[in-house]
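Please look over the sequence and the model below before reading on.

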Amino acid sequence: MASKPRSSNTRKSTTRKPAKKVSSRSSKPGRRNPPNTRKGKTGKRFSIFGLLLKLVIVFLALLICWTIYLNARVTTGFTGKLFAEPARVFARPLELYQGLTIGRGDLEQELRRLGYRKVINPVRSGEYSITGQTMEMVTRQFTHWDGVNPSQHLLLDFNRDGIERVVNNHGDPAILARLQPLQIGSIYPGQKEDRILLQISDVPDVFIKGLISVEDRNYYHHFGISPTGILRALWANVVSGHVAQGGSTLTQQLVKNYFLSSERSLWRKGNEALMAMLLEWHYSKDQILEAYMNEVYLAQDGARAIHGFGLGAQEFFGAPLRELRLHQMALLIGMIKGPAVYNPMTHPERALERRNLVLDIMAGQGVVTADQAGWAKKQPLDIRSGRQRIRYPAFLDMVRRQLQSLYRPEDLTSEGLKIYTSLDPRIQSRAEEVVIDQLHQLEQNYKLGDDFLQGALVITQPESGEVLAMVGGRRVRFDGYNRALDSRRPVGSLLKPVVYLTALQNGYTLATPVDDSTLVVSGKDGSEWQPANFDHRSHGQPLLLQALSHSYNQATARLGMQIGLGKFMANLQDLGFERHIDAYPATLLGAQGMSPLEVANVYGTFAANGFRTPVKSIRAVTTSDDSVLETFDFSFKQVVDSVDMELLQYALQDVMREGTGKYAYRRLDPELKLAGKTGTTNDQRDSWFAGYTSDYLAVVWVGNDDNKMTPLTGSTGALRIWTDVMGAIKPQAYLSREPAGIEWQWVNAKDGHRTSKNCPDAIQIPFREGTAPKAKDGCAGQVTKPVQNWFKRWFGGKKN
């Protein structure tokens, strides 16, 4: 059967939707058509770029802010005074003139302290030579508070007494020449940095060129950092595998030392580089170099940090930088790389090797010739034998206390003040030597243990009141307890002259008999005070002169109470004892504690013939540029009548001739005018002596810090030290004029009656006119050997 054909009429007529045009990319079966991503990726690219741009803008803003901050630090730090400069304390300048009593050896020691060099032919300042009894020297120019002292070329001839002649190198007489004062200490800021500020004009040209050739040879050609130096250092560090070089310029070193720490980090190095460029932008090369030379760290001396080439030159060579020779300059330059490693005091071999390397670099850079470098390399390190240290702590303690009442602490530690004092290094050294030796000798003689005894000493100039030397204990370099100022020990018989002066002012004479019998004083609380003489005996009716000369306690106490404690205390205050104390009978015999300096204040009035001149240690204060801030002129006030003072002087000199002080004349020139008084306290716990010549007053205390008993009296202890000190410093003898109103009479030493010079027991003593005794002893002109009157010989009075 044939099939039927499909008829086209069978399709249903419908409306057809047009087909969508499909991209050929989406023609693959089984895959979803993705969106168009070209535009998305471009937007992402712009988004990252925008973020980076924002970060860069923020970074630049922060960098600008940070730069502004660092710029403020740089400009603020370098505006005005760059460094805290400590106050410097100086001794007196030694004045040289014909007739000065100083030995050649003493003068040479003074020159060595000042850093003078001994040479064959002195031609430069700071040099000297000795030929026989002639010394030749070229002094240094220096500015003192009272003016500029020029350099002088001098020849000094010596004899046994001192300087016989002073002439210049042309043979013309030199009236007066001064040596610059020795610096004896500083008052440091809190960080203990010490420096002597230099101006670049004061620095030798060869030193500047040598410094630059070693530390930063392109210094005058870079802008604070050296790209080539940084690359060179980076390469050296990569090759060595560790930090071998820093690549820092002098400017960067200054920034690091002045503003930053020594931390090794990229942050610190970045700040250093940026601040170095800012520093170079604001300041000249010379200003930066000058600051560097004053800031560079060179060494440590205990707690004191030594900064700057000015102090370095003084510290290691004892001379100003401008006086150093080539080999010395090279050593200072070489120390910059490693102050501890190349310290010539502790590592001389390393320091010598480093110095010679610096000399080779200087020769290679044309700073010096090969011959000059060769000569310098043959020289020793040539450093001074002892570093500059605080030499006299007891005296400096007094200076600080006086300054604290005048200036703020920050002025003393940052303004570079110059303090000119009265200290005499020659006398100070002699005093120290005697105290140390005598304390040791006393311990051996009395079989005491080592360091059982302590001592203190003050030496002043009577007319001016200036302190010339001070010893605060047997450890003379120890900056600790200062017994000269702070040890207030009972003074014993040292106050007896005040009692006898008060008696002379109230109608007594040196020939008045006084009662030395037993005395008992009852207190309000029922207690009893009974003074006793050192020999535990009574001496009847000695003359007032004898009671003082032999230091009788019973006679002194009775006399003081008869006159009145009030008058005694008023006199003590007038004489210079400034503290308030309560008056009681035992004060008459020195129960009151006083320091050696307080005793010196009182006895200074005796030594100045009744004129009170307060003790002091400072002469003047100047600024760092030598402008005078303050001077301390002599001030004096007459507090004792000249006649009364003359009578007391006679009595105090009789102490030395006939009384408890006569040991001194066993060792000293019998023609010297000596006056003084011994002092011994209960159980001999304190040994004192206060005495003076025409030009020196010295007060000595010896005892035990724990107040233990000693076997010493004033005569066997303190007087020994006083005598040896006076022998060492060679006081002057002179004849003084007695005042008007004095008459001399011969009296009997046993009863004080007037007698004849040929009578037994006759002594000639001074009286206020009209007060000599009227009663006569009835001597019938018996001929005896005349009594020598030492006081009349000194004072040139007429003999009766």
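Across the whole structure, a search finds 40 salt bridges, and the model in which they were found is a predicted one. As a general point, side chains of opposite charge can pair when their charged atoms come close. The points below describe several of these pairs, and then the disulfide, the nonpolar cores, a surface patch and the chain as a whole.

**Salt bridges**

- Arg92 forms a salt bridge with Asp424, and the closest N and O atoms of the two are 3.0 Å apart.
- This pair links distant parts of the chain, 332 residues apart, since Arg92 sits in the loop between strand S1 (87-90) and strand S2 (95-96), while Asp424 sits in the loop between strand S15 (418-421) and helix H14 (425-445).
- Arg92 has a relative accessible area of 7% and is therefore buried, because buried means under 20%, and Asp424, with 12%, is buried as well.
- Arg558 and Asp515 meet through their side chains in a salt bridge, with 3.5 Å from N to O.
- Because Arg558 lies in helix H18 (residues 553-563) and Asp515 in the loop between helix H16 (496-504) and strand S19 (521-522), the pair ties together parts that are 43 residues apart in sequence.
- Arg558 is buried, with a relative accessible area of 16%, whereas Asp515 is partly exposed, with a relative accessible area of 26%.
- Asp644 forms a salt bridge with Arg768, and here the closest N and O atoms are 3.0 Å apart.
- Asp644 lies in helix H21 and Arg768 in strand S30, so this pair ties together parts that are 124 residues apart in sequence.
- Asp644 is buried at 7% relative accessible area, but Arg768 counts as partly exposed at 30% relative accessibility.
- Arg88, Asp194, Asp301, Arg304 and Glu315 are linked with one another in a network of salt bridges.

**Disulfide**

- The structure holds one disulfide, which joins Cys759 to Cys779 with an S to S distance of 1.8 Å.
- Cys759 is in the loop between strand S29 (742-748) and strand S30 (762-768), and Cys779 is in the loop between S30 and helix H24 (790-795), so that the two are 20 residues apart.
- The link of Cys759 and Cys779 is left-handed, with -105° about the S-S bond.
- Cys759 counts as buried at 3% relative accessibility, whereas Cys779 counts as partly exposed at 27%.

**Nonpolar cores**

- In soluble globular proteins, nonpolar side chains tend to be buried together.
- The largest nonpolar core has 104 residues, of which Leu96, Leu107, Met137, Met470 and Phe606 touch the most other members.
- Helix H21 (residues 642-658) gives the most to this core, with eight residues.
- A second, separate core of 60 residues includes Leu70, Leu278, Tyr283 and Leu311.

**Surface patch**

- Val56, Phe59, Leu60, Leu63, Ile64 and Ile68 form a nonpolar patch on the surface, and together they have about 560 Å² of accessible area.
- Leu60, one of these residues, is found in helix H1 (residues 38-77), and at 41% relative accessibility Leu60 counts as partly exposed.

**The chain as a whole**

- The protein chain has 24 helices and 30 strands, and 52% of its 800 residues count as buried.
- Among contacts between residues at least 6 apart in sequence, 69% join residues at least 24 apart.
- The accessible surface of the protein chain comes to about 39500 Å², and 52% of this surface belongs to carbon and sulfur atoms.

Methods: Residues are numbered from 1 along each chain as its sequence is written. This is a predicted model: local features need pLDDT of at least 70, side-chain atom pairs count only at pLDDT 80 or more; totals for chains, interfaces and linings use all residues. Side-chain values use heavy atoms; hydrogens and water are left out. Patches are made of residues with over 30% relative accessible area and no salt bridge: like charges are joined within 9 Å, nonpolar side chains (Val, Leu, Ile, Met, Phe, Trp, Tyr) within 5 Å. Accessible areas come from the Shrake-Rupley method with a 1.4 Å probe; for residues, only the protein chains shown count as cover. A salt bridge is a side-chain nitrogen of Lys or Arg within 4 Å of a carboxyl oxygen of Asp or Glu. Helices (H or I, at least four residues) and strands (E, at least two) are DSSP runs, numbered from the N terminus. Buried means under 20% relative accessible area, exposed over 50%, partly exposed in between (1.4 Å probe, protein chains only). Contact means heavy atoms within 4.5 Å. A nonpolar core is a set of buried Ala, Val, Leu, Ile, Met, Phe, Trp, Tyr and Cys residues joined through side-chain atoms within 4.5 Å. A disulfide is a pair of cysteine sulfur atoms within 2.5 Å.
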